Amino acid sequence: MAIVSRGFRGRPSSEDKPLPPGQYLTQDFPVLSAGPTPKIDPERWSFTVTTETGEDTSWSWREFQALPMETPTVDIHCVTKWSKFDTTWRGVSLDTLLAGVDTAADHALVHSYGGYTTNLPLEDLLDGQAWLVHSYDGEELHPEHGGPVRLLVPHLYFWKSAKWVRGIRLLLEEEQGFWENVGYHDHGDPWREQRYQGD
Ligand SMILES: Nc1nc2c(c(=O)[nH]1)N[C@H]1C(S)=C(S)[C@@H](COP(=O)(O)O)O[C@H]1N2
Ligand SMILES: [Mo]
């Protein structure tokens, strides 16, 4: 029944949601990587949060897998103008990872295996807005999409969602990442179309 009435309306109801300015909707899942896909053995994978005082908190693969998991369904928006609705992921909330971390920082610089970095305000990683995800659409995250683990910050342009994530540095003063350093925005809110520095 739902399919018949949806058919009469001509398109699935999810496409009635607004898109951020300048974006178009895509059904496929483009791969955008600034370099080669690194090979990462989960046995040797770890994730480390480093505070502004140099205090490290690390999780091995096994420790990460034992954390409480969530299954967010979210819309994603790439600065190259594609958006994808209702993507489903599985992973650990940054609230869980940062709960025991003592910091006065306002900024975060995310680091990936392979050398990619991206910066964002620390508050954009908190309050149910960001996850470290290991699955996409019910399957293990494919290496080209950031497996074994990527950051997911869907309310910001997708370049902030670092693939092959290995750690986050918490900073009192902002340090720019790979794209921000060549002119992309430090915050990157798609609804405010913050594509480039100065937007
Ligand atoms: N480590 C790493 N993470 C990255 C990138 C990258 O080049 N390296 N590209 C970013 C950009 S610009 C986008 S749009 C998304 C693309 O993710 P996808 O390839 O899974 O679509 O990853 C982001 N995370
Ligand atoms: Mo992107």
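A polar contact here is a pair of N or O atoms within 3.5 Å; within protein, one must be able to donate a hydrogen and the other to accept it, and residues adjacent in sequence count only if both atoms are side-chain atoms. The model is predicted, with local features needing pLDDT of at least 70, side-chain atom pairs counting only at pLDDT 80 or more, and totals for chains, interfaces and linings using all residues. Residues are numbered from 1 along each chain as its sequence is written, chains are lettered from A and ligands numbered from 1 in the order in which they are written, and side-chain values use heavy atoms, with hydrogens and water left out.

**Stop 1: ligand 1**

Select Arg-150 together with ligand 1: an N or O atom in the Arg-150 side chain is 2.7 Å from an oxygen atom of the ligand. Next, show the backbone of Pro-30, where an N or O atom lies 2.6 Å from a ligand oxygen. At Leu-32, a polar backbone atom is 2.9 Å from an oxygen atom of ligand 1. Taken alone, the ligand exposes 530 Å², of which the protein buries 97% (accessible areas by the Shrake-Rupley method with a 1.4 Å probe; for residues, only the protein chains shown count as cover).

Now widen the selection to the 19 residues around ligand 1, taking those with a heavy atom within 4 Å of it. Pro-30, Ala-34, His-145, Arg-150 and Lys-163 come nearest. By class, this shell has twelve nonpolar, four polar and three charged residues (Ala, Val, Leu, Ile, Met, Phe, Trp, Tyr, Cys and Pro count as nonpolar, Asp, Glu, Lys and Arg as charged, and the others, Gly among them, as polar).

**Stop 2: Asn-119**

Go to strand β7, residues 117-121, and select Asn-119 (strands are DSSP runs of E, at least two residues, numbered from the N terminus). Asn-119 counts as buried because its relative accessibility is 1% (buried means under 20% relative accessible area, exposed over 50%, partly exposed in between, with a 1.4 Å probe and protein chains only).

**Stop 3: backbone features**

Select Pro-148 in the loop between β9 (139-140) and β10 (150-152).

Move to Asp-127, in the loop between β7 and β8 (131-136). Asp-127 is not a glycine, yet has a positive phi of about 60 degrees. Its relative accessibility is 68%, so Asp-127 counts as exposed.

Finish at Glu-193, in the segment after β11 (165-171). Phi of Glu-193 is also positive, near 50 degrees, and with a relative accessible area of 29% Glu-193 is partly exposed.

Conventions
Helices (H or I, at least four residues) and strands (E, at least two) are DSSP runs, numbered from the N terminus.
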